[in-house]
Amino acid sequence: MNKLNIVNKLPDAFLDISYRDIKQVFDRPTLVNLKGHKAPALFISILLHGNEFSGLMIMQEILKKYKDPQGYTLPRSIWLFVGNIEAASQGVRRLDHELDFNRGWPGTTEPDAPTAKLIAQVMQKITEDELFAAIDLHNNTGKNPPYGCISVVNEKNKYLSSFFNHIAMVFHTPKGVSTMAFDDICPAITLECSTPGNQLGIDKAVALIDDLMHMDHFPDKALPSHDLQLVQNSAVLKIAEGVKFGFEDEEGSFDLTLVANFDRHNFTQLNISEVFAHTTLERPLIATAEDGTDLTDELISNNNGSISLKKSLMPAMITLDKKIIVQDCLCYLLEDYQGLNI
């Protein structure tokens, strides 16, 4: 793992470069500090997953807006972390041999991994002074609306979420995610900007970041409850190890066959007994709670090979990318946050 590159100038080529060519600008993970009129600074991370390139497009649009012949006339100072340069240049989420760049932040289960040590350098530098907020920009590989993810439910994080969209997810796992590293430091949110390049997700993130660049402080009054729907991650659904799986519209024979266009269920209620897969195995899927408790028998029904839920839940982050499914998960299963936390 290369040592972190820290700079206070941004090459003009950054403003138009493709994520696949990012190594022409930075040859390794780079932390950029750009001074603006307001302090404390806003921290923004992009390309923690190399193939999630909307974050680069969002920052290019923001920076072009404030570009002048002398550099940038920014309303607020920013720290910009350009993460997995090598994975971006290869068009993949992460390299096979390395720890995910969004699993190496404080709280990670692998603190000695080279990725975690590099992230520690980032945290040490950006927390030398106060931060206004931390924004981590991501994409989904499946069809999802733009939404925010927060790990602490407080008024500032709720405002961050509502500024982006009307729905947000509360999560506490996996450990080592960027947003969770800022729990005790500043308001923090992961922005899931739909699929890579999705214009609606880009427009919403640009608007949020531009607002944060101008704000003096977060609103003092509580966010009206009708302004934000909070859902909570209740379980992670994974394919059991060694199971050969595919989709209905895919040629081949599989142990587990998921319905075609399964990602149409993202952020919609998946009702009890609605079959979403067929299998030749007894237990092809594993559902686990955030604390690692196995919920498979509680949540998953296998009725003569027809797979459905035993409880009505809302899937999110379903992807049809089989490599991402293996590296991460099939989906998260959500419930209404208020209903679980009264």
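What share of the 342 residues in the protein chain is buried? Buried residues make up 57% of them, where buried means under 20% relative accessible area, exposed over 50% and partly exposed in between (1.4 Å probe, protein chains only).

This is a predicted model: local features need pLDDT of at least 70, side-chain atom pairs count only at pLDDT 80 or more, and totals for chains, interfaces and linings use all residues. Residues are numbered from 1 along each chain as its sequence is written, and side-chain values use heavy atoms, without hydrogens and water.

Start with the overall fold. The protein chain has eight helices and 19 strands. These are DSSP runs numbered from the N terminus: helices are H or I with at least four residues, strands E with at least two. Along the principal axes, the C-alpha atoms fill a box of roughly 70 × 45 × 35 Å.

Next, the contacts, meaning heavy atoms within 4.5 Å. Of the contacts in the protein chain with a separation of 6 or more, 74% join residues 24 or more positions apart.

Now zoom in on K244. This residue sits in the loop between β11 (229-239) and β12 (245-247). K244 is partly exposed, because its relative accessible area is 49%. Leaving aside neighbours within four places in sequence, K244 is in contact with S253, F254, D255 and L256. To S253 there is also a specific atom pair: the side chain of K244 reaches the backbone oxygen of S253 at 3.2 Å. L191 is 53 residues away from K244 along the chain. The C-alpha atoms of K244 and L191 are separated by 32 Å.

Conventions: A polar contact is a pair of N or O atoms within 3.5 Å; within protein, one must be able to donate a hydrogen and the other to accept it, and residues adjacent in sequence count only if both atoms are side-chain atoms.
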